[in-house]
Amino acid sequence: MRETKRRMEFFSMYDCTGIAAHLEKMALKGWALEKPGTFLWRYRRMEPKKLRYAVVYLPGSSEFDAAPTEENQDLQAFCAEAGWVQVGSVAQMHIFCNESEDPVPIETDAMVQIGSIHAAMKRNFIPSQIVLLLLAAVNLGMRLWEFSVNPLKYLSSASGQVTISCWLMVIALTVTELFCYFRWRRRALAAAREDGTFLPTRSTRIFQRLYFILLGLLVLSWFALAAEPREKFLIAAMLAVLALIFAGVFGVKHLCKKLGAGRNVTRILVFGTAVVMSFAVIGAAVFGVLRLSDEWFGREVETYDYQGITFEVYHDELPLYVEDLTDTSYDRYSTYMVTQRSLLLTNRSGLQRPRVGDTGGAMLGYNIYDVRFGFLRNWVRQELIDTYADVSGRRPTDFPVKGVLVSDLYPGEEGMGMYVLTWKNRVVLLSADWNLTDEQLATAVDTLMLQ
Amino acid sequence: MPREKFSALTEQMFCILLCLRRECCGMDIMDMVSKMTDGRVRVGPGTVYNLLEQFQDAGMIRQTRSEGRRRSYILTEFGTEKLETEYRRLQTQVELYRRMTKEEAL
């Protein structure tokens with residue numbers, strides 16, 4: 001039988017009532033708190049018994065303290081007089097336990113208790129929530145701006161949607177935490193003034209649990225939606241990098257506390273580690289990504305040099321080739337196909353082009369958008385037309401080809417074939433460096449739309 | 001305009017200050033308050049600890065001795081005045097009660 005176990009606990013920092021009640025329940029089940037943590041709490045097995053727990057806040061304490069402060073030691077001495085023993089601390093929060101049936105509570109004056117909770121929250125909880133909220137708001141703002149500039153790119157990218165969703169959830173979580181705390185404080189002060197009672201705190205445990213479950217599902221769906229092996233690798237690498245940074249920072253904090261380092265030394269080393277590791281690890285990851293070869297993921301790639309620059313030539317299979325549309329003897333094409341997928345759209349991009357410097361070959365490219373929900377189709381079509389239509393104001397011409405709506409974005413423009421094809425839940429942006437004939441358009445429609 | 005701190009004292013604050021009319025160890029206050037009120041008023045160790053800090057910061061008590069973690073305190077002049085003021089405030093309320101109930105009885 002296990003003697004210790006770890007549990008992820010989702011308590012708000014100020015939830016003294018909830019924490020005490022939970023620990024008392026755990027004691028009745030035979031688990032005593034051994035060490036509380038930021039997320040993981042450790043319990044040790046004992047005989048099930050009734051224990052009383054209480055949470056006290058000392059604003060002068062810090063998560064960087066290697067040992068109990070003078071203030072904490074004084075409080076412990078006071079509490080020991082009434083049979084209360086400190087069993088753990090997290091930052092400004094100190095947890096006490098008493099084996100008596102009906103001990104004198106540690107806090108008996110509601111106003112004093114509310115005051116010490118608020119003083120502790122002002123040190124850590126409130127500033128950290130505000131910083132996180134601002135960080136999330138700025139990041140969300142930047143992602144939304146990027147979305148406004150290129151909405152199709154975001155809608156067809158699981159990464160883009162996951163990023164926006166994550167920042168939205170962070171904002172929701174921090175706003176909820178701050179709102180709930182200040183609402184409790186307002187009501188607690190009113191109750192204390194009216195009849196001297198302490199209004200029990202309530203946590204956002206359910207919301208926090210939901211948040212973590214949603215976050216986990218988001219990450220899983222992000223991974224599942226990644227269509228390319230390289231994208232899956234990048235997601236896994238990014239998560240590994242984040243885990244590495246967290247492990248490094250927590251490891252340094254743990255080591256400093258174990259060695260008895262002073263609070264300020266620990267604080268500087270922890271923040272320094274976070275900054276250095278972030279730059280180093282992310283820098284190495286970016287460097288690694290730039291050197292990441294598609295060949296590692298099973299893609300056939302060759303290279304050639306032209307005027308001192310190295311170019312890559314791909315040999316991916318495409319649904320439609322230049323040779324399907326026109327006679328050509330050129331045979332040194334690069335054919336590249338990539339798929340991006342999200343819950344809303346799938347975007348398959350194909351590009352066939354001749355080598356730089358060569359003559360005789362033609363360029364053909366297409367983006368095939370498959371929308372999951374019908375209402376998106378017309379929006380995607382309009383977005384493509386607005387983005388790629390002639391900036392001089394020339395109006396596209398629309399005509400049907402085999403039941404498919406074709407919009408010619410550059411009608412009459414020599415050497416510029418750009419078309420938007422729309423049918424059922426598929427929209428295709430087709431571009432070529434020549435004007436497609438009716439027959440060629442019909443072939444393209446057959447291959448890209450109707451099959 | 002914000003209320004002056006300790007302009008009115010709770011019963012627990014009043015009892016703690018009463019104990020500190022004579023030099024007294026902070027840790028003994030819990031028992032003293034319980035005894036002098038026949039168990040009616042219970043002051044927790046956290047409350048005593050916090051209030052002693054606040055009374056000290058407000059200049060109402062001063063530390064007299066320190067033996068390890070056992071620190072003794074006593075009221076200052078200012079603290080004595082505050083206690084007096086609170087006593088008079090409570091007396092005024094008692095008198096008001098007596099007067100009003102007597103008038104009603106008549």
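1. Let me start in chain B, where Asp28(B) and Arg70(B) join their side chains in a salt bridge, 3.1 Å from N to O. (A salt bridge here is a side-chain nitrogen of Lys or Arg within 4 Å of a carboxyl oxygen of Asp or Glu.) Asp28(B) sits in the loop between β1 (24-25) and α2 (29-36) of chain B and Arg70(B) in strand β3 (residues 70-75) of chain B, so the pair ties together parts 42 residues apart in sequence. Helices (H or I, at least four residues) and strands (E, at least two) are DSSP runs, numbered from the N terminus. Asp28(B) is partly exposed at 30% relative accessible area, and Arg70(B) is partly exposed at 31%. On that scale, buried is under 20%, exposed is over 50% and partly exposed lies in between (1.4 Å probe, protein chains only).

2. A word on what you're looking at: this is a predicted model, where local features need pLDDT of at least 70 and side-chain atom pairs count only at pLDDT 80 or more, while totals for chains, interfaces and linings use all residues. Residues are numbered from 1 along each chain as its sequence is written, chains are lettered from A and ligands numbered from 1 in the order in which they are written, and side-chain values use heavy atoms, leaving out hydrogens and water.

3. Over in chain A, Asp316(A) and Arg299(A) form a salt bridge at 2.9 Å, N to O. Asp316(A) belongs to the loop between β8 (309-314) and α10 (322-325) of chain A, and Arg299(A) to the loop between α9 (263-290) and β7 (301-306) of chain A, so the contact ties together parts 17 residues apart in sequence. Both Asp316(A) and Arg299(A) are buried.

4. Have a look at Arg381(A) and Asp398(A) too: their closest N and O atoms are 3.3 Å apart, in a salt bridge. Here helix α11 (residues 375-388) of chain A holds Arg381(A), and strand β12 (residues 397-401) of chain A holds Asp398(A), 17 residues apart. Arg381(A) is buried, with a relative accessible area of 13%, whereas Asp398(A) is partly exposed at 45%.

5. There's also a network of salt bridges linking Glu70(A), Asp74(A), Arg69(B) and Arg71(B). Over all chains, the salt bridge count is 26.
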